[in-house]
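Reader: Hi! Could you walk me through the aromatic contacts in this protein?

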Amino acid sequence: MSAARSTTTSVNPSPRLNNRKFNMALGHVLGGGSSINAMVWMRGMQRDYDGWAKNGAKGWAFADVLPVFKKQEDWEGGANEWRGAGGPIHIRRPNDPHPTAPAFIEAAREMGMPVTSEEETAYKTLGASSTTLFPVGLTGW
Ligand SMILES: Cc1cc2nc3c(=O)[nH]c(=O)nc-3n(C[C@H](O)[C@H](O)[C@H](O)COP(=O)(O)OP(=O)(O)OC[C@H]3O[C@@H](n4cnc5c(N)ncnc54)[C@H](O)[C@@H]3O)c2cc1C
């Protein structure tokens, strides 16, 4: 991504992140980062949506947003309880992950972290996992 269209901004240390700082990517185009992001297709955690709804965000429970996610998707594995097929965004697993990626996940498993499959990331994003991708306009992925 060209530096003229994209930038990063430093986020203040957060106690919820062990007081770490991180850089957040922003898009310098009409529509912001939402116009130019690409690659990682990740939903939020089911329990976060349900927590928002419980605290008054009507229509934001996971059961409310799931049909919208599914409508957007064209999951390579076909439609199921959690994934949609036939939508405008083609989503798939990484074809040819770098060898360090599965090694990293195995290391996390050995350390006792939960490991989440790509299918499970449709509703659960806790722990280590390979991610699902939506390679817009990119070749070789
Ligand atoms: C290059 C890049 C790659 C990315 N890749 C991924 C990815 O693969 N997967 C992923 O999940 N996420 C990715 N992201 C992050 C993702 O794009 C953002 O988290 C998401 O788009 C944020 O959405 P938003 O609606 O909160 O903000 P934005 O889409 O950034 O929208 C904010 C809008 O508010 C406008 N605005 C800001 N301040 C004001 C103001 N004071 N007055 C009026 N308007 C204002 C901005 O101009 C912008 O149009 C990427 C981001 C970038 C930049």
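Author: Happy to! Rings of Phe, Tyr and Trp (its six-membered ring) count as a pair if their centres lie within 6.5 Å. Please keep in mind that this is a predicted model.

Reader: Thanks! How many aromatic pairs does this rule give?

Author: The rule looks at the centres of the rings and takes those within 6.5 Å. Applied here, the count comes to 5 aromatic pairs.

Reader: What is the geometry of the pair Tyr49 and Phe69?

Author: The ring centres of Tyr49 and Phe69 are 6.1 Å apart. Planes over 60 degrees apart count as edge-to-face. The planes here stand at 80 degrees, so the pair is edge-to-face.

Reader: Which helices hold Tyr49 and Phe69, and how far apart in sequence are the parts they tie together?

Author: Tyr49 belongs to helix α2 (residues 46-54), while Phe69 belongs to helix α3 (residues 62-72). Both residues are buried. The pair therefore ties together parts whose separation in sequence is 20 residues.

Reader: And what kind of pair do Phe62 and Trp82 form?

Author: Phe62 sits in helix α3 and Trp82 in the loop between β4 (73-75) and β5 (89-91). Their ring centres are 6.3 Å apart. With planes at 40 degrees, the pair is tilted.

Reader: Is Trp82 buried or partly exposed?

Author: Buried means under 20% relative accessible area. Phe62, at 2%, counts as buried. Trp82 has 22% relative accessibility, so Trp82 counts as partly exposed.

Reader: Which residue lies over the face of Trp75?

Author: Here the partner is a charge, and CZ of Arg must be within 6 Å of the ring centre. The distance from the ring centre of Trp75 is 5.0 Å, and the residue is Arg83.

Key. Residues are numbered from 1 along each chain as its sequence is written. This is a predicted model: local features need pLDDT of at least 70, side-chain atom pairs count only at pLDDT 80 or more; totals for chains, interfaces and linings use all residues. Side-chain values use heavy atoms; hydrogens and water are left out. Rings of Phe, Tyr and Trp (its six-membered ring) pair if their centres lie within 6.5 Å; planes under 30 degrees apart count as stacked, over 60 as edge-to-face and the rest as tilted. Helices (H or I, at least four residues) and strands (E, at least two) are DSSP runs, numbered from the N terminus. Buried means under 20% relative accessible area, exposed over 50%, partly exposed in between (1.4 Å probe, protein chains only). A charge sits over a ring if NZ of Lys or CZ of Arg is within 6 Å of the ring centre and within 35 degrees of the ring normal.
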